[in-house]
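Dear colleague,

Please find the structure below, together with its sequence. I would be grateful if you would read the notes that follow with the model open beside you.

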Amino acid sequence: MVGERGIELRNGIVIPSGELRFRTSRSGGPGGQNVNKVETRVEVVWNLAASPSLDEDARAALGSALGRRVRADGTVHVIARRHRTQAANRREALARLDALLERALEPKRSRRPTRPTRQSEEARLAEKKRRSEIKRKRRAVEH
């Protein structure tokens, strides 16, 4: 949840707003006359690798869960440019970063192994036998 303190995640981790850097630039899209002169596009940059808010376990879990979202320098970037105002795009970027981190920290459900059904097993063996027969018929005839 995004609050005054920063981003508060479900498991008690708080990322203070001081760790987040904001960059603005001109945005395409809606804006009318403002589109060429007002910087409404907002990019939130958070340095996952150097964040003092995380312990090593949380950092490793986030790093593996976020995968390619973490750049080579250890930062996570989220961009928002949908709205006409910088403030609205800033709120959206923070909300998207919050959702991204929450989703990454969700515990993954473990797979319960299942057994193939009798029908699927029989179908697999029948197909295997059919392919074997086709290949056997391709062989040279023995005299």
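This is a predicted model: local features need pLDDT of at least 70, side-chain atom pairs count only at pLDDT 80 or more; totals for chains, interfaces and linings use all residues.

Residues are numbered from 1 along each chain as its sequence is written, and side-chain values use heavy atoms, with hydrogens and water left out.

**Salt bridges**

A salt bridge is a side-chain nitrogen of Lys or Arg within 4 Å of a carboxyl oxygen of Asp or Glu. The count by this rule is seven salt bridges. One of them joins Glu92 to Arg82, with the closest N and O atoms 3.7 Å apart. Glu92 belongs to helix H2 (residues 86-105) and Arg82 to the loop between strand E6 (75-80) and H2, so the pair ties together parts that are 10 residues apart in sequence. Helices (H or I, at least four residues) and strands (E, at least two) are DSSP runs, numbered from the N terminus.

Glu92 is buried, at 12%, whereas Arg82 is exposed, at 58%.

Helix H3 (residues 118-138) holds both Arg124 and Glu121, three residues apart, about one turn of the helix. Their side chains form a salt bridge at 2.7 Å, N to O. Arg130 and Glu127 are also both in helix H3, three residues apart, and they meet in a salt bridge at 3.1 Å. Arg130 is partly exposed, with a relative accessible area of 42%, and Glu127 is partly exposed, with 36%. Salt bridges that share partners also join Arg82, Glu92 and Arg96 into one network.

**Arg59**

Arg59 lies in helix H1 (residues 56-66). Its relative accessibility is 15%, so Arg59 counts as buried. Contact means heavy atoms within 4.5 Å. Not counting residues up to four places away in sequence, Arg59 touches several residues, among them Leu48, Ser51 and Leu54.

**Aromatic rings**

Where does Arg90 lie relative to Phe22? Arg90 lies over the face of Phe22, 3.7 Å from the ring centre. A charge sits over a ring if NZ of Lys or CZ of Arg is within 6 Å of the ring centre and within 35 degrees of the ring normal.

Definitions and conventions: Buried means under 20% relative accessible area, exposed over 50%, partly exposed in between (1.4 Å probe, protein chains only).
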